[in-house]
Each structure stands twice: as C-alpha cells, then as structure tokens.
Amino acid sequence: MASSSTTASGNVPDHDGRFGKFGGRFVPETLMHALDQLTNEYKKAQRDPQFNAELQELFRDFVGRPSPLYFAKRLSEKVGGAQIWLKREDTNHTGAHKINNTLGQTLLAIRMGKTRVICETGAGQHGVATATACARFGLPCVVYMGEEDVRRQAPNVRSIKLLGAEIRPVTSGSRTLRDAINEAMRDWMSSVHNTHYIIGSVVGPHPFPMIVRDYQSVIGLETIQQSREKFGRLPDTVVACVGGGSNAAGMFFPFIDQAKVELVGIEAGGLGSAPGEHASPLSFGKPGVLHGSFSYVMQDVDGQTCDVHSASAGLDYPGVGPEHSYWKDSGRVRYTDCKDSDALAGFYELARTEGILAALETSHAVAGAMEIAREKKRDEIVVVCLSGRGDKDAAEIERLQSLSKK
Ligand SMILES: *Cc1c(COP(=O)(O)O)cnc(C)c1O
C-alpha cells in the first residue's frame, strides 16, 4: 500500500502548502530553496515505482507491516458498549508509528544526495526511529532533545546512543519538544546544503505536513482493507491521540471522504482547562504561527506561545499540524481532550484486560475510545490507533501512580 494522495481527498494542501487558511511556509529565505527541492523530489519519488517498491519492502520486512487490527474483546465487554478494535502500531519495529515516516524521509534524503540527518524528539520515539533508519542506511544522525525530556525518557536516550546517533540536549526555554524543534531548525539553516531535517510530525513548513501525513497514511489504508476482511464494512468511529498529529493524520486521511465514518482526535487535557495546565491547542488555542506554519497554537494574551503540560512527553507541545486545524474548522473531525488521570486509568484498563502496555500518549486515545464506546450499541465498531507501546513509560507511570496515592 503506497502513499495516499491519489486515493483520498487529494485537494489539500494547495500549491502553497495551504490547508484552507492553515499551513503555508513562514521561514527565513535560507530555507526556501531546500523546501522547494524537497517538494519537487517528493513528487518525483511518489511517481517512481522503484522508490515505492523499496519503501514497501522496508515496511514489510524491516518494520513488520501490516500491523494487526485486533479485537479487544475483554476490554469491549468491560466497557459494555461498542466493539473496540486496536490498530497495533505498537507492534512495529521500534515500537510506534514514527518509523513509517522516518524510513520514507530517509529514502528522500538519500535521493536528494544529503549526507547528514538531524531531527528533534520529545518522548524519544522519533529520535529512536530516526536513529534506526540512519543506522540502516549508514547516515550520521544528530538528535535534538530538551533536557527535561532527556531526564523523563531515559530508556529511549540510551537506545538512540546505542544506535550510533548523537544526542544534543537542549537547555533553552522549557527544555521540551518545542525547544528541540527550534534548535533543529537553527542547525538546518546553517547546514541545509548537506543535511536533511526529518521532522517527526505533521507540523512545520510546507511540504512537511503533507509528506509526513502521506507516509503515515499506511495506517489508515491498512485499517480500511483489514476492516473489510474482518467485519465486512468500515468502522463507525475511528479514534487517535493528537500531539503534533501524525498518527491521527495517517489514520484519518484515508477516511476523510467516507462521510459516514466518525473521526475523533484526542488531545492532552493534562491537569485541567486553565492555561499552562494542558496541551490542547485545538480545544483552547488560537490560530497563529509556530515553527513555520499557521495553525491553532496555545498563546497568551500578547500572542506569545504558552508553556503547556502533559504527563506524556510526546503530547507536550503547544502547536498542532495545520491539516488538523483545517479539519476542526470544517467539522470533519471532532476534537476533544483527555486528562492525565484518565489516560493513566486507560493505560491500566488496557494492560489488565488485554495484556498490552500502551504508551502514555496512546493511553489518551484508549481512554477516549472507552468513553465513546460506552455510549454505543453492541454491533457498532470503534477502531483506536494504538500508536505505540509503553515500555519507555514504565518508570514514569509508577511515579505518577505513587503521587496520586498520596
Ligand atoms: C510521538 C508519539 C505520539 C504523538 O505524536 P503524533 O504526531 O501526534 O502522532 C503519539 N503516540 C506515540 C506512541 C508517539 O511516539
């Protein structure tokens, strides 16, 4: 299953990278040429059967695709409503959906003759997936990571180093994902002649939101085919968590023209709805520019980007991909949020009923899907994107659990 622009609503983004009024390119002149080159090379690659065959072979033999669509029978019975099915991106090599994008972009980097790769990472999953793809193709790799996340996600930091990549801790600002993206962009401005920046979500200037969406669309395309095989129709509802929005975009995009399928994105509700307590720009933010793109952003009254909070490092981001802003305003996708405590409850429920440890990010989608399924009839079907596995979060979950008992 190849990338998807030809199979689903292929009208966005337009030539300027706009999804309605969102998206675009708000970057210094030095990056314009690189972004044009990337756009052109990506379009050529999409039409190149050899390129697509190589990516499909990597998906199959290196990642282990297709990932299963799995009926969570005991969880469904416990909830007592609709059937809950899990799209198991946690079974991918490196443990999350991130690898779908990093393999595609690494092949693009090689195609463009780039000899060095950089990336940012929050929870470390994108850092691991980028370091993995770079090791596989023998490219040097530098990973920018906020100092706070280096502390929170130690297992992934270790893996990144073992894979031969260099970690550069970022000490500016809130020392989290947003600052890591700033530093990666700064590196790219001075190294663009030989370096490709593999951005980890459907954010940043055009063409990144389109490219990442397309490489992640393998999730939704497989789900459509597996739904036909396993229950002979499309699901009634599809649910995914939204940080930058790449697992959700990859899941939703192939369903966009299927108006009967309800699409629900779950943001990080953190501790509550007050500014600074959550990371839900689609629920509480305002349109503005962040990291080269126009989209919903958490801002204070002066228009400065706010600090945000989530228990999960991968959702701890004040912005969101521009296509999600477009889907929100058009009403095609419904966005809601899930608190830290509810995500933790979802994590335990899935672990104890199904024997699956989900990532903290993913647990937001699990909790959201349980709430949705509860209100539905037994013959209805809810599919959740199980974006990643939770081994990396074991220590943090233990800590959160002991805090909540005090
Ligand atoms: C990175 C990550 C996310 C959040 O990123 P999106 O771009 O919103 O998908 C969610 N789940 C897992 C497991 C992740 O690693």
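Which residue in S8 is the bridge partner of Arg116? In this predicted model, the bridge partner of Arg116 in S8 is Thr195. The pairing concerned is that of strand S5 (residues 116-121) with S8, which runs in the parallel sense over three bridges.

**The open sheet**

S5 and S8 belong to an open sheet of four strands, ordered S7-S6-S5-S8, with parallel pairing. Strand S7 (166-170) and strand S8 (195-197) are at the edges and have a single partner strand each, so one side of each is left without a neighbour in the sheet. From one strand to the next, the twist averages 25°.

**Strand S14**

Strand S14 (residues 381-386) has six of its six residues buried, so S14 is largely enclosed by the rest of the structure. Buried here stands for under 20% relative accessible area. In a regular strand, side chains alternate between the two faces of the sheet. On one side of S14 the buried residues are Ile381, Val383 and Cys385, and on the other they are Val382, Val384 and Leu386; both faces are covered.

S14 pairs in the parallel sense with strand S4 (residues 83-88) over six bridges, and with strand S9 (residues 237-241), again in the parallel sense, over three bridges. Val382 of S14 is the bridge partner of Ile84 and also of Thr237.

| Strand pair | Sense | Bridges |
|---|---|---|
| S5 (residues 116-121) and S8 | parallel | three bridges |
| S4 (residues 83-88) and S14 | parallel | six bridges |
| S9 (residues 237-241) and S14 | parallel | three bridges |

Technical notes: Residues are numbered from 1 along each chain as its sequence is written. This is a predicted model: local features need pLDDT of at least 70, side-chain atom pairs count only at pLDDT 80 or more; totals for chains, interfaces and linings use all residues. Side-chain values use heavy atoms; hydrogens and water are left out. Two strands pair if DSSP finds at least two bridges between them. Helices (H or I, at least four residues) and strands (E, at least two) are DSSP runs, numbered from the N terminus. Axes are lines fitted to C-alpha atoms, for helices over the stretch in contact, and angles run from 0 to 180 degrees between N-to-C directions. Buried means under 20% relative accessible area, exposed over 50%, partly exposed in between (1.4 Å probe, protein chains only).
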